[in-house]
Amino acid sequence: MNRLLVVLLTAIALLVTGCGGTGTDSGSGPAASMPASPSLADGTRESAPSEPQASDRKEIVTGQLMLTADDPVAVGRQVVTIVEDSGGRVDSVTEQPEISSVLTVRVPADRLEGTLDELRGLGEVTSLTTTRDDVTLQYTDLEARISALQASVDRLRALMASAANTADLIEAENALADRQAELDSLTAQQRYLSDQIDLSTLTVDISAEPRRPDDRDSFWDGVVAGWDHLRSALGDSIVALGVALPWIVFFLVGAGIVYLVVRLLARIGRRPAAAPATPAEASAEHPVVEVDDE
């Protein structure tokens with residue numbers, strides 16, 4: 001027992017010594033050889049990336065202006081003149097003489113407020129709403145992806161110029177075609193987004209009678225809307241039935257096959273087994289021959 005106790009104490013002492021050595025030498029391992037972060041070495045903490053300033057924000061502005069005027073068509077033509085003088089353009093015009101004029105115009109974002117002030121003076125303002133959608137992150141992401149793809153395209157073109165054999169040239173051409181297609185797609189998205197940012201979209205609704213966005217429709221308008229919804233629902237139901245018809249036929253055929261198999265197995269199970277022969281029938285079939293001992 002004394003020897004066993006000495007051995008155990010020796011093992012515990014060696015184990016404690018090894019753990020202590022490992023802890024003290026940890027500074028000389030791979031982690032110790034890594035250089036300290038500059039932001040932590042001088043006692044300062046690395047600052048998070050700052051949010052974009054107000055001047056750097058990319059916003060898509062849309063609005064709706066509702067006016068009341070005696071001659072909506074004439075006022076609508078004045079709207080066209082004001083928008084074109086501000087450097088914008090007119091996308092669509094819908095006129096109903098002596099009733100209404102609805103225009104969709106694009107106005108430079110930096111001149112939207114001044115243009116709205118001019119449009120307000122053309123009639124009585126019934127309603128004005130504007131909405132701002134911040135797309136700064138989306139625009140920044142597109143810029144970064146386009147820059148990376150452009151660099152990749154330039155490298156591939158350099159590889160094609162220095163290709164040593166046909167196989168390398170073909171591989172570089174295929175990769176370049178894929179990169180170029182993706183780059184063109186992202187560039188088109190950036191152009192569209194830039195157009196939405198630079199030119200605000202404004203809908204100008206001019207009517208001869210006062211009208212508000214929350215005006216209720218008439219009973220007849222409700223009937224027409226209900227009929228349109230009914231036709232749309234019936235059309236969707238017919239399409240859904242056409243999609244489901246092959247599946248219905250498939251399940252019906254499968255169910256018929258299963259039913260026939262079950263009926264066949266049931267008939268086989270109900271077929272009567274052959275009854276055992278009675279002694280009389282057995283003797284008739286196999287007569288006993290008596291042998292005379294004499």
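Strand β5 is a mostly covered piece of this predicted model, with 7 of its 9 residues buried. Buried here means under 20% relative accessible area, exposed means over 50%, and partly exposed is in between, using a 1.4 Å probe and protein chains only. Strands are DSSP runs of E with at least two residues, helices are runs of H or I with at least four, and both are numbered from the N terminus. Residues are numbered from 1 along each chain as its sequence is written. Because the model is predicted, local features need pLDDT of at least 70 and side-chain atom pairs count only at pLDDT 80 or more, while totals for chains, interfaces and linings use all residues; side-chain values use heavy atoms, with hydrogens and water left out.

Stepping back to the whole protein chain, there are 9 helices and 5 strands. Along the sequence they come in the pattern α-α-α-β-α-β-β-α-β-α-α-β-α-α. Of the 294 residues in the protein chain, 19% are buried. A contact is a pair of heavy atoms within 4.5 Å. Looking at contacts with a separation of 6 or more, 78% come from residues 24 or more positions apart.

Back to β5 and its partners. Two strands count as paired if DSSP finds at least two bridges between them. β1 and β5 run parallel and are joined by 7 bridges, and within that pairing Leu65 has Val204 of β5 as its bridge partner. β3 pairs with β5 too, this time in the antiparallel sense and over 9 bridges. Val107 is the residue that stands opposite Ser200 in β5. β1 is mostly covered as well, with 7 of its 10 residues buried. It also pairs with β4, in the antiparallel sense, over 10 bridges, and there the partner of Gln64 is Thr129 in β4.

Leu122 touches Leu67, Ala69, Val75, Gln78, Val79 and Ile82, leaving out residues up to four places away in sequence.

Helix α5 has a clear inside face. Its residues Leu112, Thr115, Leu116 and Leu119 are buried. They cover an arc of only 100° around the axis, so they sit on the same side of α5; the arc is that of the directions from the helix axis to the C-beta atoms. The cover over the buried residues of α5 includes β1, α4, β3, β4 (124-134) and β5.

Arg145 belongs to α6 (residues 136-161) and is partly exposed, at 36% relative accessible area. Leaving aside neighbours within four places in sequence, Arg145 is in contact with Glu182 and Leu186. Arg145 and Leu186 are 41 residues apart in sequence, yet their C-alpha atoms are 7.8 Å apart in space. Gln196, in α7 (residues 166-198), is buried, with a relative accessible area of 15%. Again leaving aside neighbours within four places, Gln196 is in contact with Ile60, Arg106 and Thr201.

The aromatic side chains come last. Rings of Phe, Tyr and Trp (its six-membered ring) pair if their centres lie within 6.5 Å, and planes under 30 degrees apart are stacked, over 60 edge-to-face and the rest tilted. The whole structure holds 2 such aromatic pairs. In one of them, the ring centres of Phe250 and Phe251 are 5.6 Å apart and the planes are at 65°, so this pair is edge-to-face. Phe250 counts as exposed, at 56% relative accessibility, and Phe251 is exposed at 54%. Together with Trp247, Phe250 and Phe251 form one aromatic cluster. Elsewhere, the charged end of Lys58 sits over the ring of Tyr139, 5.1 Å from its centre; for this, NZ of Lys or CZ of Arg must be within 6 Å of the ring centre and within 35 degrees of the ring normal.
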